[in-house]
Amino acid sequence: MLDVIVDLINKSETIAILPHVSADGDALGSSLALAIVLSGSGKKVKVLLEEEIPQVYSDLPGREFSCLYRKNDEQYNKKYDLALALDCGDAARLASRIELFNTATRNANLDHHTTNTEFAVNNYVDTSSAATGEIIYDLIVRMGAKPDKDVALCLYVAITTDTGGFRYSNTTADTHRIAAELVSEGIDVAKVSRRVFDRVSYGKVKLIGAAINSLELFEEGKIALMSLSSELMKKLETKDEDSDGIINIARNISGVEVAALLKQLDSGEVKVNLRSNSYVDVSAIAASYSGGGHERAAGFTTTATLEQTKNELLADLVGEV
Ligand SMILES: [Mn+2]
C-alpha cells in the first residue's frame, strides 16, 4: 500500500498535506517532514492548518510550506492533484478542510490510530507504528530519498512526542531503529527534549495548579478526574495549548488506572482527554462519544455541559475499572 501512495505522489504535481485539527507534534512533524521532501522533488506542496502552529513547534524546519487554511478565502480553495490526511483518525479531524480533501483529484489517509475509519479513497493505516512519523519515514525511504537533518528533526519530534519520549507502550524496536537513523543525522536530543517536554509557559504553570486543585479520585483511587472551566481559563489568560500533557499528572498518581481531563471550550463544548495505564481501552470509551484514539490515549468533544459530561463519563469509567 505504501507503494500505492508513492505512485499517487509521483502522478501529482500539486499536493496538499492536511494534519489533524489541533495539530500535535506527530501531525506537524510528519507533515513538515513530508513537505520538505516533496518540495525537494519538485512538487508544489502546502501544509494547510486549522490553527497557528503552537509555540513549542514554531521553529520546526519546513514551516515555510505551511499556512492557515481559511475556508472562505479563494486562494486556498484550488483543486489539488493530491490531498494527504496525516495522523487523522476520521474525516472530522480534517475540520473545515474536508471539502478540499474530497475535491482533490486523488486523496489518501496515512495514519496509525486504531480507531481510523478509512475515510479516504486510499488508506494506509498501520496501528503498529508508534507515530505517523514512523510511517512518513518509511514513505520517504520508499520514495528513494534519505532524510536530511531538517527532515530528521521533524520526524524525531513526531516520534518522540507520540511516544512520550520513548516511554509509552507504543514504543517498539522499530521506533528505536528509526530514531537511531534520525539522530545520526545530527539531532541535538537534549535540546529537542527540553523544548518539547520540559519548557513551560507561566500560563501553563498556573493552569497546572488549577487542574491539580480540581483533581478528584473515585473507585478507591482507580479513576482520576480533572476539569477546567472556560471561565477559569479566561481568568488565568491561558492558551489552548497550555493544557497539553496536564492529564499525565492525574494518570501518574499511584493506583490510578484511568485519568480524564475535561476542558470547557469557549464555544461551551467540552473537550475530554482520556488516558489509561494498563487495561482500560479508552479508545472504546471515546468512540462511544464519537471520539477516537488509541487504547491508552484517546479523546472526544461533546456539546453536553461540564457537569453532565463528568457524571456520564464517571458512570462509564466505573464500569471499566
Ligand atoms: Mn500520532
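Predicted model: local features only at pLDDT ≥ 70, side-chain atom pairs only at ≥ 80, totals over all residues.
The chain is divided into two parts: domain 1 covers residues 2–198, and domain 2 covers residues 202–318. Between the C-alpha centres of domain 1 and domain 2 the distance is 26 Å. Ten residues from domain 1 and nine residues from domain 2 take part in the contact.

What does this interface consist of? Domain 1 and domain 2 bury about 700 Å² between them. Of that buried area, 42% is on carbon and sulfur atoms. On the side of domain 1 that touches domain 2, three residues are nonpolar, seven are polar and none is charged. A salt bridge needs a side-chain nitrogen of Lys or Arg within 4 Å of a carboxyl oxygen of Asp or Glu. Across the interface of domain 1 and domain 2, zero salt bridges are found. Polar contacts do occur: four residue pairs between domain 1 and domain 2 are in polar contact, with both residues of each pair at pLDDT 80 or more.

The cysteines come next. How many disulfides are found in the whole structure? The search finds zero. Cys67 is in no disulfide, and the nearest cysteine sulfur, that of Cys88, lies 16 Å away. A disulfide requires two cysteine sulfur atoms within 2.5 Å, so the sulfur of Cys88, at 16 Å from the closest cysteine sulfur, in Cys67, is too far for a bond.

Are Cys67 and Cys88 buried or exposed? A residue is buried when its relative accessible area is under 20%. Cys67 therefore counts as buried, at 15% relative accessibility. Cys88 counts as buried because its relative accessibility is 0%.

Terms used: Residues numbered from 1 in each chain as written. Heavy atoms only, no water. Domains from an automatic or database assignment. Contact = heavy atoms within 4.5 Å. Buried area = accessible area lost by both parts, 1.4 Å probe. Polar contact = N/O pair within 3.5 Å; in protein donor to acceptor, adjacent residues only side chain to side chain. Nonpolar A, V, L, I, M, F, W, Y, C, P; charged D, E, K, R; others polar. Buried < 20%, exposed > 50% of the residue type's maximum accessible area, 1.4 Å probe, protein only.
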